[in-house]
Amino acid sequence: MATLPNALPKLVSDPTGGTLGLALPPGKLIDTTDDGPWPEPLLWHAERAAATGDWAGVEPARRTAGLLPLLIDVGGGQGGPEGWELMPDEVTYPGDHDPEDVLAEYWEECAADEAEGGEEGAGAEWPGLAAVPVSGTARNPNADELAAEIADFIVTDGSWLKEPRLALVPARRSADIPAAVGWSGPLNHENDVARLCAVLRSWEDRFGIRVVALTFDQLIVSVAAPPTTREEAEAVAVEHFAFCPDNIHQSSEPGLGAYAEHLIDQEIWSFWWD
């Protein structure tokens, strides 16, 4: 996978990140993968609990070092990222995949499975990508500012992550973060997370998403331009169904129609793969 030069090794001799314009708390560099140590650290994360303002505090790293902020959860059954079975050697480059082709392939697989079960809205033909919700874009023009607000909300709300930690990841853009660390959360759905990151790149462009948090098997993104009408939400729900079928299958109100209702004006999207 094509990546930026990795600035994380500098934190070995400069643990506070002063040369990068940062003032980091005590933390650790993670190079643990499913196949043994990676040649360079995949991410850094703080050893203390994340707090309000942490995300905004590391924003300079985006410009000075190509390091992007992220929240991770170290409180799940698998612990922190050392136990997440990271697989960077299995990842391709997100830019090598066409997001619509990826979603169409997933959709065809899901539609074939659901046709037998009569899933509402699961047709045999891929309907195409959802249009950009122009009204939503005007309401939330700054995706990075919203990401910081959502990160603070997740940290203070307490229901999203058990033990949140601030992390930094070397990545070209927020959508590439799962691929940059070799995240294997969607392994039961997709072996190469770069294909999902290609979709995330498209969502960055159309909906202003930013990857805000990762757990062992959950992805949380902020959404600066969410769908604002039922029609827009139904089109986005189709993409979510292809991207993460478990979001619909495991919902307390199964079906694409019910799922779409929850997407209207929703500034947080969460995905979980069983």
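Author: A cavity is a set of grid points where a 1.4 Å probe fits but cannot get out, and its lining residues have an atom within 4 Å of a point. Keep that in mind as we look at this predicted model.

Reader: Which residues line the largest cavity?

Author: Look for Met87, Glu90 and Val91, then a run of Gly182, Trp183 and Ser184, and finally Leu187, Glu190, Asn191, Asp192 and Val193. The space they line has a volume of about 60 Å³.

Reader: How do those residues divide by class?

Author: The lining of the largest cavity has 5 nonpolar, 3 polar and 3 charged residues.

Reader: And what lines the second largest cavity?

Author: Among its lining residues are Trp55, Glu59, Arg62, Asp144 and Arg210. The elements β5 (67–73), α6 (143–157) and β7 (209–214) each supply at least two residues of that lining. By class, it divides into 6 nonpolar, 1 polar and 4 charged, and the space itself is about 50 Å³.

Reader: What about pockets? How do I read one of those?

Author: A pocket, unlike a cavity, is an open set of points with protein around it. In this model the largest pocket holds about 340 Å³ of space. Its lining has 13 residues, and Asn247, Tyr259, His262, Ile268 and Ser270 lie nearest the centre. The elements giving two or more residues to that lining are α10 (246–249), α11 (256–263) and β9 (268–272).

Reader: Which element gives the most to the lining of the largest pocket?

Author: That's β9, with 4 residues. Sorted by class, the pocket lining has 6 nonpolar, 6 polar and 1 charged residues.

Reader: Let's zoom out. How many helices and strands does the chain have?

Author: You'll find 11 helices and 9 strands. The C-alpha atoms fill a box of roughly 60 × 40 × 35 Å along the principal axes.

Reader: What does the radius of gyration tell me about the chain?

Author: Compare it with what a compact globule would have: for 274 residues that is near 19 Å, and the chain has 18 Å, so the two agree.

Reader: What share of the residues count as buried?

Author: Buried means under 20% relative accessible area, and 55% of the 274 residues count as buried.

Conventions:
Residues numbered from 1 in each chain as written. Predicted model: local features only at pLDDT ≥ 70, side-chain atom pairs only at ≥ 80, totals over all residues. Heavy atoms only, no water. 1 Å grid on protein atoms, 1.4 Å probe; cavity = no way out; pocket = protein on both sides within 12 Å on 5 of 7 lines; lining within 4 Å. Points joined across faces, edges and corners; volume = space filled by probe spheres on them. Nonpolar A, V, L, I, M, F, W, Y, C, P; charged D, E, K, R; others polar. Rg over C-alpha atoms; globule rule 2.2 N^0.38 Å. Buried < 20%, exposed > 50% of the residue type's maximum accessible area, 1.4 Å probe, protein only.
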